[in-house]
Each structure stands twice: as C-alpha cells, then as structure tokens.
Amino acid sequence: MTRFTRLIAATLATSLSAAALAGPELLNVSYDVMRDFYKDLNPAFVKTYQTKTGETLVIQQSHGGSGKQARSVIDGLQADVITMNMPPDIDALHDKAKLIPENWASRLPNNSLPFTSLQVLIVRKGNPKQIKDWSDLVKPGVQVVMPNPKVTGNGRYSYLAAWGFALKQPGGNEQKAREFVGALLKNVPVLDGGGRAATTTFMQRGIGDVLLTFENEAEMIAREFGRGGFEVIYPSLSVRAEPPVTIVDKVVDKKGTRKQAEDYLKFLWTPAAQEIAAQNYLRPQDPAVLKKYASQFPAVKLFTVDEVFGGWRNAQKTHFDDGGSFDQVYAKK
Amino acid sequence: MKFKQASVLPGFNLAFGYTIVYLSLIVLLPLSALVIKTSSLSWAQFWDVVSDDRVLASYKLTFGASLLAAGLNLVFGLLVAWVLVRYQFWGKRFIDALVDLPFALPTAVAGIALTTLYAPNGLIGQYLAPLGIQVAFKPLGIVVALTFIGLPFVVRTVQPVLQDLEAELEEAAACLGASRWQTFCKVIFPAAMPALLTGFTLAFARAVGEYGSVIFIAGNIPFESEIVPLLIIGKLEQYDYVGATAIATVMLAISFALILVINTIQWWHSRRHGMRK
Amino acid sequence: MHSMQATQRSVATDEPRWVRWSLIALALAFLGFFLVLPLFSVFAEALRKGWALYVEALIEPDAIAAIQLTLIVTAIALPLNLVFGVAAAWAIAKFDFKGKSLLITLIDLPFSVSPVVAGLIYVLLFGAQGWWGAWLMEHDIKIIFAVPGIVLATVFVTFPFVARELIPLMEAQGTEEEQAAMVLGASGWQLFWKVTLPNIKWGLLYGVILCNARAMGEFGAVSVVSGHIRGMTNTIPLHVEILYNEYNFVAAFAVASILALLALVTLAAKSWVEWQADRQRALDARMATDQ
C-alpha cells in the first residue's frame, strides 16, 4: 500500500514539476471539429512566438460540444482564449458572467472571424436520390441526418440555412419557411448530439440519404472515410458559418497572459495561419490566400444570420429557445 | 423509545458520526444545492417547466422504456439465474462471471458497441432490417441499451435465493402430486418474489437516470426518442440552469421514491423471513 | 454429499431434458445478444487494423495521460468510499437506531441519480457562478475542471457500492461473535481487526472490485466537471469519446478495450474472490463438524 501511495505521489510530483518548468501556458477552449485545425496551427504559432520573443509557450487544448464548452468557461474553466462555432456562445460569456466586454467582436478584424465556412449537403456516391438543393430535402422518402439544433451550433446553422432558403424563394414568407423547415424535420430520423456523431451515423451506420454539415467537415470525412463513399453538393443558397474567437479578459488579466493570448489570436490573421485554415478547408479571410486555394472553395451565394434573422440573439430566441420555432414544429405533431 | 437501543459493542458514535458527516458532504449538500436552485422558481413556474408537453413525453419515454427493460430483465434474469443455479453446462463459470460486465463497461462504450451491432448495417441489425425491425435510433434501441445496463441486477438478487431454496419443499410438493409447473408457480416463484421485485426496481432505478449509453443509440427526436436527461442538457444549452435543475429535482424525487420502495420491500422481506425462522 | 443431493433432485424435482436444454439455450441466446456480442464487437473494432495500430493507440501520450489520471482518481476515490462503507455498515448493521431505513435510502440515492445531474450538482456548488465559486476563485483553489472535481464526481457515483455490499452481510452475521470477544476483554479496534474484518473480507473485496470498475468507467458525471483539457483532465472514458469524435474509431475502441479488459479482469478477480469465500466456508464447516 505504501509503495502504491509513493507511486501516486511521484506521478503527481512529476506532472506538477513538468508544468512548472515550461513557459507560460495558454488554454484554448474550443469545439469539437476544430481539433485538426489547431493541431496544425499551435506548433506554427509556438515556433513564431519563440523566434520573436524567446519565450516558449505551451498551448493546451480543450474540445467538446460548443455550448457545453462555453458553459464550462462561464462556470470557471480557466480559458485564455475561446474559439467557438457561433457568436452566441461567446456573447454568453458577457451576458452570464461578465468575463469579456460586450463589444468583444470589434476587437479583432472581420468581427473576430478569422475564417468562415458554410452549410453543405453531403449525399451518397452517385447521388441516387438526385438531391441538388434544399428543396429536395422535403421530398417524401428522402432521409436527412443532422445534429440536434437544440444542442449544437452545427444543427442551428443547417436549420437557419433551410429557413433562409425558404424565405428567399419567390413568394417566400415566414409562414412558408416554417412549413418548409417542418417538412424537412419530418424527414430527419436521427438528431445526433454533435456534428461528429451525425457524420458517424451517416457514414458508419448507413442511415439517411443526406447529411447536413459544415463545408470543412466534408474534407474531414474524406480524410477519415475515403473519398469514394460520398459527394458534396453545394446548394443554390446557404448560410455563412461564423466561428468567432476572443480572449477571455478576466482570465488573462488574472493569469497575466493577456499579451500572449492576444498575440495568439492575432496570429490567426497572418498569411501562414490563413493558409493552415485553407488547408483545413476553412474559408480564409485573406483575399490572397483565398485566391490561391480558390479551386477548393466554389463560389456559393451566401446570406448571414445578421441579414436574415436580425442578429444571433434574435435567431436564438425565435427559433431555438424553449417554445421557439423548432419546438413548435414537434409540438404540432 | 430512545434514538439508539443499548448495545455492548463500541464505536457507534464514531462510525455513525463519520457516516453522517461524509454522507452530508458528498451527497446531501450537493443535492440540496439542486433543490435550493430550483426553489428560486415559483410553484407556477416550476409546474410550467416540469409539466410541459415535451417534458411529459420524455418522462413517458424514459419511464416506459425503463419499465420495459426492467420487465425484460425480470423474465430473462430469472431464467438466467435459474439456469446458472440449477443446470450444469459447458462454459457456465464464464457466463456467470460475464453477468457483471455492464457494471464495469463504461456506459458510453456500451452505447457505441450496441449501436454498432444494432444499426441497420450492423452485425445483428442487418438481419432485423429486412423484417422491418429497426432497433438503433428508435425507441426500441433505448430499451436495448437499458436492458444491457440493468441486466446484472435481477440475476444477482435472485441467484442466492434460488441457491438457498430447500430441496425438501419442492420434493414435498412433488410427493403431494404437484406437477413441475405447479411446483414452480406455487413454491419456487413465491419464494423468489421479493428478490425479483428488488432486482426489478434496482434495474428500473438505474435505467431511469441512464444517459451515456442511450444517447448514442437513441434517435433523440422530440416526442419520439428524447429521454429526460437529454432535456436537461438542452436546458443547459440555453444557460437555463434553473429549468435544468427543476427537471433534475423531479428526477431526484422519483429516484428517492424508488429506492425507498426497494428498501421497504427488503425490510418487509427480512421481517417475514425473520418471523419464519 | 453434493452428488447425492443432485441425484435426489433429479428423481423428484427435475425438469425433462428438453425443457432443461431449451431453457439453457434461451438464457444463452439472451446473454449472447446482450453481453457477449457487445463485448466481442469492442475488441473486433479495436483490432480491425491490426495489433500495431492497437498498441500505438495505447502508448500515445494523451492515452497514457488519461490512463494515469484514471488511476489517480480511482486511487483517491476508492479508499474514501471503502472507509465510509465500513463505517456505515458498522453503524447500520451492528446497532439499532431510529431512521435507519431513511439512512440506507440516502446512502443508496447516488445509485439512481442520473450522471448528468451528478455532475451538475458540483457545478452548482463549486462553479464560478455557484455557491462557493467566487470564494474559490479569490483563493485560487481549483475544484471543478481539475482533478478534485473529477474525484468528487467519481466518489459520488460510486458512493453506495461498498456500503451496499457490506450492510446485508454484516446484518446476517449478527453481533454474537463481537459480543463474545467483548466479554473476553478485546478492545474496540482489536474487535474490528480480529473478529469483524476476517468475517467480511470477501464481501468487502467484492464491493471494492465493483466500486473500482464503476470508478474507472464513469463517463456522464465526470464529463460535466472535467473541462476536457487534452492530456490533463481527460479520463479514459473521456479520451474514448474524443477519439471517437475525431473519427479515430480504431484508437477509440482500442482505449475502450482497456476498460473492457478491466471489466474482464474484474470479473476474474470476482470469481476468484467468490471461490476463495466458498472454500473458506467449506473449510469452516468441516472444522465445525470435526469438532
């Protein structure tokens, strides 16, 4: 028993001393699908920062469902920076805990969006159900797999994309959009708890004819499952996915890591980082980099949540809070 | 009557005191935080949250699926316990040991493994799909996961009772001309009844709160395959802590009631047992 | 003796052969579909791309960190619940007092509390917005999103296991032996170490084994309080989830198979414990008849 206790003590001591020896640590709290991007980006930044200042940074990553991750930061997870897949998750840091100022988005270029993405339709090889656009998703017999809009950002983007599509059709209005999204959800057999779980359901379990997800996820699917099993369909109109980043002021001021954290996020806008984003199929903001990778980013007509839904707070309240349009679709059954 | 009956044995104060302090710190205090958080709602607000149509539908699903799973375990648990106690066959020890597997396997892994098997393209699912039976992503999948989770309980509570059952009773029944089936119904089954009930309630109580395995195998469609713990998560996504705790408090009250029922059954049984002695 | 009983039973009170075999077949089919196949599929998936990848998944630094963390958490949670289980069982089984069944019910409660709720309650207490969050922040004490929070959640989830195993056992044993030892002048601790402990050691060990298995495998509650910091606050089950979400299925199942292996080792240990206990009982019985 004593030997065992000593072993534990030794393990604890080594892990503590290891932490003490390295330079300042930054914790980047992020969401599920950003792993691959930051896996590539962090070493590049650490290297650049070292040549610039001589300081060796250690960057810790935390990944999980975006809402849950934001909640962990609100509840005290000591994140220096937070990188989410939609602005409301970062707004919550201000609204619920005053961890950041209200105008956080204006502190970095492009409204703090270092890159963007969009919702695409993923179909099985050869497109057997001839799915070309959102309107094909409501046809009888078509099964659609998407993550749960109630608990995931990915699902919310798809929901809003379909809603916006219906709204912008000739003669489209609020009522028609509601009916369209209702018909779409009737074709959804599984609402997974996360974007990655939805992909697994579609690819591994063979459920559904269409998967709704981010454009950059399509590339991840190709890398992991092979390119032979599916096709990416770009709809005639889609929503711009806006994954924002910010430093968490209260945490960096307490830890004394503001300078490092700010540099880390600013690095996202450098050509090197923009290239890493493009390589991970995230649409870069830098026009030069975008041009270089133009072949992998087909031009798609996009709308933003601000344009069509009057901002994220409004969209969240009307559509996804309890009693919102999503709940109403199911309540009517 | 005094709080404690006299005894010559030492250590009551130490043991009892430690039990109460530790119980309070680890269980009661945190759970009271839940109740206190909920109490910031008025009764009307509380009632609105916990009696919403969608919440009611998920109670129905959670309790219905748990009941079904516990029922399945009741029947098959008795069967498995019977076979393990009464018959000899090859591999019996291994099977006996395997019954505890659901205790040890992490629920998420169990959920993923069961989904892999019962999906329409899975090892088992592919044979069910042509028959029009879909298990994974349907309420039936939830029943499968909950059956897995609750499997050890009935087996492990009934096993010792069957082992201790005196052969004389059955022989006497046989001598009096009872058929084997009559003996089972009139002699064996009543003796195993309290243990069966305990096992059933334990399996049921465990199933009601289960999350990790269900989330992978359920379709999570509102009003169809959405369990109560998922609704709690949904509330948290909106930063609605109070709404989440309100539903959690209802679940807690139900859990408490269930466990109280189990303990009453056991108490009642041990009294009867004691009296027979 | 044993064989005689068996033959007696077969004459008067056994089922026809076909009933016997169909019951066995039915039971095995049920267990096959619900237990053996899931277990098999974990290993099949883990080894789908060969041993090399399997081993690679296990010696990857994040996997090792997760294994270490799980061992540390279990090493703290287990003794805490062990001491509690013995104390609670001593008070409940050896003494009569008012409110006993309420106390037992409260001890059982964590068993049926949803893991989601189990995590949530600690956030309500120790989270930045919780009861003591501000104070803890001020004093720079980390509970949730750090090892202490994971330990607390694990302790909560495995709370009843040892006590639940010991209470009926110690109740069945009664207090005669202890009372006799008291008359012979044993002190309290001598009584416990020399009389009670030897009587309950197998039950205790079984409780510890179950508690250990559950502690290492807990997912839901730990997930809420972990913070998911890679290589730091991920336990084995959380690491499995992360790998699964990275579409790294082989590695996910490989790491999961450690837990499945743990389950099998646990089961083997349990069988051994039961076998030892049986042997002990037989030995005691023989000694009793010899005398």
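Predicted model: local features only at pLDDT ≥ 70, side-chain atom pairs only at ≥ 80, totals over all residues.
Contacts between chain A and chain B involve 32 residues of chain A and 23 residues of chain B. About 2,200 Å² of area is buried between the two chains, and carbon and sulfur atoms account for 51% of this area. Of the area that chain A buries against chain B, 29% comes from Arg71(A), Arg205(A) and Tyr330(A), more than from any other three residues. Three salt bridges were found across this interface. Arg71(A) takes part in a salt bridge with Glu237(B), with 3.3 Å between the closest N and O atoms. A network of salt bridges links Lys150(A), Asp322(A) and Asp327(A) with Arg54(B), Glu226(B) and Lys235(B).

Over all chains, the count of salt bridges is 39. Within chain A, Glu275(A) and Lys292(A) form a salt bridge in which the closest N and O atoms are 2.7 Å apart. This pair joins distant parts of the chain, 17 residues apart: Glu275(A) belongs to helix H12 (residues 271-279) of chain A, and Lys292(A) to helix H13 (residues 287-292) of chain A. Glu275(A) is partly exposed, at 22% relative accessibility, whereas Lys292(A) is exposed, at 55%. A salt bridge also connects Asp253(A) and Arg258(A), with the closest N and O atoms 2.8 Å apart. Asp253(A) has a relative accessible area of 48% and is therefore classed as partly exposed; Arg258(A) is likewise partly exposed, at 26%.

In chain C, the side chains of Asp96(C) and Lys100(C) form a salt bridge with an N to O distance of 3.4 Å. Asp96(C) is partly exposed, at 44% relative accessibility. Lys100(C) has a relative accessible area of 16% and so counts as buried, the cut-off for this class being under 20%.

For chain B, an unreviewed UniProt entry carries the annotation "transmembrane region" for several spans, including residues 12-36 and 131-155. Residues 12-36 of chain B are 100% helix and 0% strand, with 32 Å between the end C-alpha atoms. Residues 131-155 of chain B are 68% helix and 0% strand, and their end C-alpha atoms lie 31 Å apart.

On the surface of chain C, a nonpolar patch is formed by Trp51(C), Val55(C), Ile59(C) and Ile64(C), which together have about 420 Å² of accessible area. The most is given by helix H3 (residues 51-59) of chain C, with three residues. Ile64(C) lies in helix H4 (residues 61-94) of chain C and is partly exposed, at 36% relative accessibility.

Key. Residues numbered from 1 in each chain as written. Chains lettered and ligands numbered in written order. Heavy atoms only, no water. Patch = residues over 30% accessible without salt bridge, like charges linked within 9 Å, V, L, I, M, F, W, Y side chains within 5 Å. Areas by Shrake-Rupley, 256 points an atom, 1.4 Å probe, with all protein chains shown as cover. Salt bridge = Lys/Arg side-chain N within 4 Å of Asp/Glu carboxyl O. Helix = DSSP H or I, 4+ residues; strand = E, 2+ residues; numbered from the N terminus. Buried < 20%, exposed > 50% of the residue type's maximum accessible area, 1.4 Å probe, protein only. UniProt positions renumbered as here; feature names shortened; annotations may be inferred. Contact = heavy atoms within 4.5 Å. Buried area = accessible area lost by both parts, 1.4 Å probe.
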